[in-house]
Amino acid sequence: RLAELKELLRSGDADPIVSIEFIEKAMIKLRMIDWEESISTWGKPDADYLTENVQLCVWNLGKHMAKTENAVALMLGVHILEEDWEVAGIRFDAPQDSAFSVQRVSPKAMYHGEEVFLDSLSKNTRLFMLVELCGEGNYVDVELNGTVNKKATACRIPVTIDVSSEE
């Protein structure tokens, strides 16, 4: 569905603001259904990573889907499979260029610089969020940081996401 929506935006047949509002409403509803069904609804992620404890998925929605000027929109899915995460956050790292800056998050969450703060994520938590990033880089790495069993823990998607592309 995201691929269809992105194609409609590129062709000029869809309004970006209405499309973003549709995605924001759908993200909330999809948290309540089975994770695999949610993922298949959005279509194949541009990057995903599965460990024993967490699954992260990222869809590059491109610049057409961002409300913020000169930003790129990413949709992120997080599924906590096992142990609880405390003081959790998502970091958007520019591996080759200057840092990205988070400009907007939906649903609303605190953010600063290149990080979005998620607080506590308990076992079986499923969430989707839309994040808009600004920066000079063409690539972004996505990682979940926090503490698990009082130990600092990180989960970084091993694939770098090309945010210069609209595909």
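Both faces of strand β2 are covered in this predicted model. On one side Val 54, Leu 56, Val 58, Asn 60 and Gly 62 are buried, and on the other Gln 55, Cys 57, Trp 59 and Leu 61 are buried as well. Buried here denotes a relative accessible area under 20%, exposed one over 50%, and partly exposed a value in between, with a 1.4 Å probe and protein chains only. Because 9 of the 9 residues of β2 are buried, the strand is largely enclosed by the rest of the structure. Strands (E, at least two residues) and helices (H or I, at least four) are DSSP runs numbered from the N terminus. Residues are numbered from 1 along each chain as its sequence is written. As the model is predicted, local features need pLDDT of at least 70 and side-chain atom pairs count only at pLDDT 80 or more, while totals for chains, interfaces and linings use all residues; side-chain values use heavy atoms, with hydrogens and water left out.

Strand β2 has two antiparallel partners among the pairings examined, β1 and β3; two strands pair if DSSP finds at least two bridges between them. The pairing of β1 (residues 47-50) with β2 extends over 4 bridges, and a hairpin of 3 residues joins these strands. Within this pairing, Tyr 49 stands opposite Leu 56 of β2. The pairing of β2 with β3 extends over 8 bridges, and Cys 57 stands opposite Gly 77 of β3.

The protein chain as a whole contains 3 helices and 11 strands. Of its 167 residues, 47% are buried. Contacts are defined by heavy atoms within 4.5 Å. Among those between residues at least 6 apart in sequence, 67% join residues at least 24 apart. The accessible surface amounts to about 8,700 Å², and carbon and sulfur atoms account for 49% of this area; the areas come from the Shrake-Rupley method with a 1.4 Å probe, and for residues only the protein chains shown count as cover.

In soluble globular proteins, nonpolar side chains tend to be buried together. A nonpolar core is a set of buried Ala, Val, Leu, Ile, Met, Phe, Trp, Tyr and Cys residues joined through side-chain atoms within 4.5 Å. The largest such core comprises 32 residues, and those with the most contacts inside it are Val 78, Trp 85, Phe 92, Leu 121, Leu 133 and Leu 144. At least two residues of this core come from each of β2, β3 (72-80), β4, β5 (101-106), β7 (115-121), β8 and β9. The greatest contribution, 5 residues, is that of β3. When neighbours within four places in sequence are left aside, the contacts of Phe 92 include Leu 74, Phe 100, Val 102, Val 116, Leu 133 and Val 142, together with Glu 114 and Asp 141. A second, separate core has 14 residues, among them Trp 35, Trp 59, Met 65 and Phe 128.

The structure holds 1 aromatic pair. Trp 59 and Phe 128 form this pair, with 6.3 Å from centre to centre and 45 degrees between the planes, a tilted arrangement. Rings of Phe, Tyr and Trp (its six-membered ring) pair if their centres lie within 6.5 Å, and planes under 30 degrees apart count as stacked, over 60 as edge-to-face and the rest as tilted. The pair links distant parts of the chain, since Trp 59 belongs to β2 (residues 54-62) and Phe 128 to β8 (residues 126-134), 69 residues apart. Both residues, Trp 59 and Phe 128, are buried.

A search of the whole structure finds 8 salt bridges, each a side-chain nitrogen of Lys or Arg within 4 Å of a carboxyl oxygen of Asp or Glu. Arg 91, partly exposed at 22% relative accessible area, forms a salt bridge with Asp 93, with the closest N and O atoms 3.2 Å apart. Asp 93 is buried, at 14%, and also bridges to Arg 156 at 2.7 Å, N to O. This second pair spans 63 residues, from β4 (residues 85-93) to β10 (residues 151-156). Arg 156 is partly exposed, at 32%, and its side chain also meets that of Glu 143 in a salt bridge of 2.3 Å, N to O. Because Arg 156 lies in β10 and Glu 143 in β9 (residues 139-148), the pair ties together parts 13 residues apart in sequence. Glu 143 is buried, with a relative accessible area of 9%. Through shared partners, salt bridges join Arg 91, Asp 93, Glu 114, Asp 141, Glu 143 and Arg 156 into one network.
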